[in-house]
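Subject: Structure handover

Hi,

Here is the structure I said I would pass on.

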Amino acid sequence: MSTTTARKGTSTSSTTVFQEQVVTRAGARYALAFGRIVIGWVFLWAFVDKLFGLGYATPAERAWLNGGTPAQGYIGGAEGPFAGFFQSTFQNAFGDVLFMAGLLGIGLAMMLGIGLKVAAVTGTLLMVFMWMTQIPWVLGGTNPITTSHWVEAALLIIAAATLAGDTAGLGRQWGRVVGNSWLR
């Protein structure tokens, strides 16, 4: 069921859409919430591991808190036709801050179920950039076109498009505040 909410400072009202209007089966809503939480954890864990150097993907001596450069190491190893662009643009402290802020923001948004549209757009952009640094038909790989970056981007987009934050998240409450805006 939709609700009509008046926006602050205006006399017009809009209808806020909630997940059960988009996905009618409860089991499907919980499956989508599970996918949202899993992809959120992937991004949030990457942030935490790079921040503290927990020894999984990032050793302690390369932790951001210990002076490590989380984005620069990855970008420094970029190959292919776009390597020069990424290295000249993002292989610096700004690139590290942007990368870490992106991981944290996307991860938190997905885990909490709020701001999924923004997280889907920025996360997909990040995945496209990461894919461009390792284009499989140029550098080789097990699949000439797709990589796990495509799967991660797809999960982000699916979560946003299906309002997956409404189930097992704060999306419903967030939707009452921001309506159907780009902040949803």
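A quick definition before the notes: "buried" means under 20% relative accessible area, "exposed" means over 50%, and "partly exposed" is in between, with a 1.4 Å probe and protein chains only. Leu103 is at 4% relative accessibility, so it counts as buried.

Some housekeeping. This is a predicted model, in which local features need pLDDT of at least 70 and side-chain atom pairs count only at pLDDT 80 or more, while totals for chains, interfaces and linings use all residues. Residues are numbered from 1 along each chain as its sequence is written, and side-chain values use heavy atoms, with hydrogens and water left out.

α2 covers residues 26–52. With 27 residues, α2 reaches 38 Å from its first C-alpha to its last, close to the 39 Å expected at 1.5 Å a residue (the expected span is 1.5 Å times one less than the number of residues). Just after α2, Gly53 takes a positive phi of about 65 degrees.

Which residues of α2 are buried? They are Arg29, Ala33, Gly35, Arg36, Ile39, Gly40, Phe43, Leu44, Phe47, Asp49, Lys50 and Leu51. What covers them includes α1 (19–22), α3 (70–76), α5 (93–112), α6 (116–132) and α8.

Take α5 to begin with. The axes of α2 and α5 come within 7 Å and cross at roughly 145 degrees. (Axes are lines fitted to C-alpha atoms, for helices over the stretch in contact, and angles run from 0 to 180 degrees between N-to-C directions.) α2 passes α5 in a left-handed crossing, meaning that the near helix is turned anticlockwise from the far one by less than a right angle; clockwise would be right-handed. On the α2 side, the contact (heavy atoms within 4.5 Å) includes Trp41, Phe43, Leu44 and Phe47, and on the α5 side it includes Phe99, Leu103 and Met111. The residues of this contact divide into 17 nonpolar, two polar and two charged.

Leaving aside residues up to four places away in sequence, Leu103 touches Phe43, Leu44, Ala46, Phe47, Lys50 and Leu126.

Then there is α8 (residues 148–161), which packs against α2 at an angle of about 130 degrees, with the axes 9 Å apart. The two helices are therefore oblique to each other; under 35 degrees would be roughly parallel, over 145 roughly antiparallel and 65 to 115 roughly perpendicular, with the rest oblique. The contact is made by Leu32, Gly35, Arg36, Ile39, Val42 and Phe43 of α2 and Glu152, Leu155, Leu156, Ile158 and Ala159 of α8. These residues divide into eight nonpolar, one polar and two charged.

Last, two loop residues. Leu163 lies in the loop between α8 and α9 (171–178), and has a positive phi of about 55 degrees although it is not a glycine. Ala168 is also in the loop between α8 and α9, with a positive phi of about 55 degrees and again no glycine. Are they buried or exposed? Leu163 is buried at 11% relative accessibility, whereas Ala168 is exposed at 52%.

Cheers

Technical notes: Helix = DSSP H or I, 4+ residues; strand = E, 2+ residues; numbered from the N terminus. Nonpolar A, V, L, I, M, F, W, Y, C, P; charged D, E, K, R; others polar.
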